[in-house]
Amino acid sequence: MAGITAFEKRCGFPREAVHLGNWRMSPFNRWSFQNVPEMVPSAIIAPDPNAGEAPPVDAGWLLGRKVTLSQGVEGVEAFLRRSHTDALCVLRDGKVIGDWSAPWVRHGAPHLVFSISKSLTAILAGVLEGQGLFDPDAPVVRYLPEAEGSAYGTATCRHVLDMTVSLDFDEAYLEPESLFARYRQAMGWNPGGRGETLLPFLSALQPLPGEPHGRVFRYRSPNSDVLGLLVERASGERVPDLLRERLTGPLGMRGPVSITVDGAGAARTAGGVSMAPRDLARVGEMMRNGGAFDGRQIVPAAWVHDTITAGDREAWLRSDFVTLFAEGRYRNKWYQTGKGSFCAIGIHGQWLVVNPASRTVIVKMASQPEPIDDPVDQDNIAFFDAVIAAADAR
């Protein structure tokens, strides 16, 4: 009998146990979220350079602390394990002050960031807006005439950016026979399907009966795949190239960075980006500094200011996300907490949190078993406040 492989010893299961039908399920997601190109066709944005990432910075100042969360007083390391954390990175004043990785995670390895991809795509829209190539107030059909006759045929790019499109679609992550499951087949994330790809799928979606665009914040991922198509049409460039030239290159990302693509090569901008924790932290640091990084203005400061201060409060109050951030808003695919921080969030526990007052950026990547876990989300929010306080006390 063959012995246990190094892979199985590290991950707890053999590689051949992971396939397209279970790659987002626990425990297999502990590995697959770091190796998405092995599961889904992907465009490589930035290869892994020979230099690699700098060694991890000890986070002992944080790991030994206790935090008060929903289950009472809990040690930081215990919470990281309970919340299925794969990696944590904390920046203060642009410098890494602490790294932590689970035993199955290689320091500097890429990780699927899920819906943080939406926030990255919105940055591209901001860059193009600053160059006069993209008008957020234009009708969607100016750039995407194929949307005529769909919910997007009467929507503006602003509705798409702020998730206020009236769209008859539910984020039914766990329903195998739902429209969402068909959506995942179209993007190549689920087995089966009819050979459908993203553009035909998106162009067939219809509005919610009786609801106008712009009234309610409704979190619907297809909006962000539409945004990816919009920035491609506005620029004449593919999303992987836009990300490389407008974001990952200027930020000096160490890589690797990739994005999944459908059968026609369309990038899955709603959730397909993978990157290393420190590279994602670089995005947060750029946003903290008004769109500048290492002396270079990457995205217009006016766009960043709009992103972290504007947004329709009434549309947010009408949404089911008000329980996440009671004082929040949503603008350009970024969340405002209403308590001094802004953030980008992805399912299964992906967070990029920026707190300008404390000059702190926090990245937390995870492989939570459930796509949405409201109690853990609330614990994460409290945990980030504790991290900021601990960084202050260093």
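**Entry 1: Q368**

Where does Q368 sit, and between which two elements? I looked it up in this model, which is a predicted one. Q368 turns out to be in the loop that runs between β15 (360–366) and α15 (374–392). Next I checked its cover: Q368 has a relative accessible area of 3%, so I put it down as buried. Then I went through its contacts, skipping residues up to four places away in sequence. The list reads N29, S83, H84, H348, G349, D373, V376 and N380.

**Entry 2: Overall build**

I stepped back to look at the whole protein. I noted 15 helices and 15 strands. The radius of gyration is 20 Å, close to the 21 Å from the globule rule for 394 residues, so the protein is as compact as a globular protein of that length. I also took the span of the C-alpha trace along its principal axes, which is about 55 × 55 × 40 Å.

How much of the protein is buried? Of the 394 residues, 59% are. For contacts between residues at least 6 apart in sequence, I found that 64% join residues at least 24 apart.

**Entry 3: Surface and charge**

The protein exposes about 15,500 Å², and I noted that carbon and sulfur atoms supply 52% of that area. Then I turned to the charges, 40 positive and 45 negative. Their mean positions lie 4 Å apart.

**Entry 4: L280**

I picked L280 and found it in helix α12, which covers residues 277–288. Is L280 buried or exposed? Its relative accessibility is 0%, so it counts as buried. Leaving out neighbours within four places in sequence, L280 is in contact with V113, I116, M275, L352, V363 and M365. I also checked L280 against I362, which is 82 residues away along the chain. Their C-alpha atoms are separated by 9.4 Å.

**Entry 5: Cysteines**

How many disulfides does the structure hold? I got zero. To see why for C89, I looked up the closest cysteine sulfur, which belongs to C343. The sulfur of C89 is 17 Å from it, too far for a bond. I checked cover here as well: C89 is buried, at a relative accessible area of 0%. C157 is buried too, with a value of 0%.

A reminder to myself: most peptide bonds are trans, and most residues other than glycine have a negative phi. With that in mind I went looking for exceptions.

Which peptide bonds did I find to be cis? One runs from S26 to P27, with omega near 5 degrees. P27 is in the loop between α1 (6–11) and α2 (29–32). Another runs from G255 to P256, with omega near -5 degrees. I placed P256 in the loop between α11 (239–248) and β7 (257–260).

F114 is not a glycine, yet its phi is positive at about 50 degrees. F114 lies in the loop between β6 (111–112) and α5 (116–130), and at 2% relative accessibility it counts as buried. K333 is not a glycine either, and its phi is positive at about 65 degrees. I found K333 in the loop between β11 (329–331) and β12 (334–336). K333 has a relative accessible area of 1%, so I marked it as buried.

How values were computed: Residues are numbered from 1 along each chain as its sequence is written. This is a predicted model: local features need pLDDT of at least 70, side-chain atom pairs count only at pLDDT 80 or more; totals for chains, interfaces and linings use all residues. Side-chain values use heavy atoms; hydrogens and water are left out. Helices (H or I, at least four residues) and strands (E, at least two) are DSSP runs, numbered from the N terminus. Buried means under 20% relative accessible area, exposed over 50%, partly exposed in between (1.4 Å probe, protein chains only). Contact means heavy atoms within 4.5 Å. A disulfide is a pair of cysteine sulfur atoms within 2.5 Å. The radius of gyration is taken over C-alpha atoms; the globule rule is 2.2 Å times the number of residues to the power 0.38. Accessible areas come from the Shrake-Rupley method with a 1.4 Å probe; for residues, only the protein chains shown count as cover. Lys and Arg count as positive and Asp and Glu as negative; His and the chain ends are not counted. The place of a charge is taken as NZ of Lys, CZ of Arg, CG of Asp or CD of Glu.
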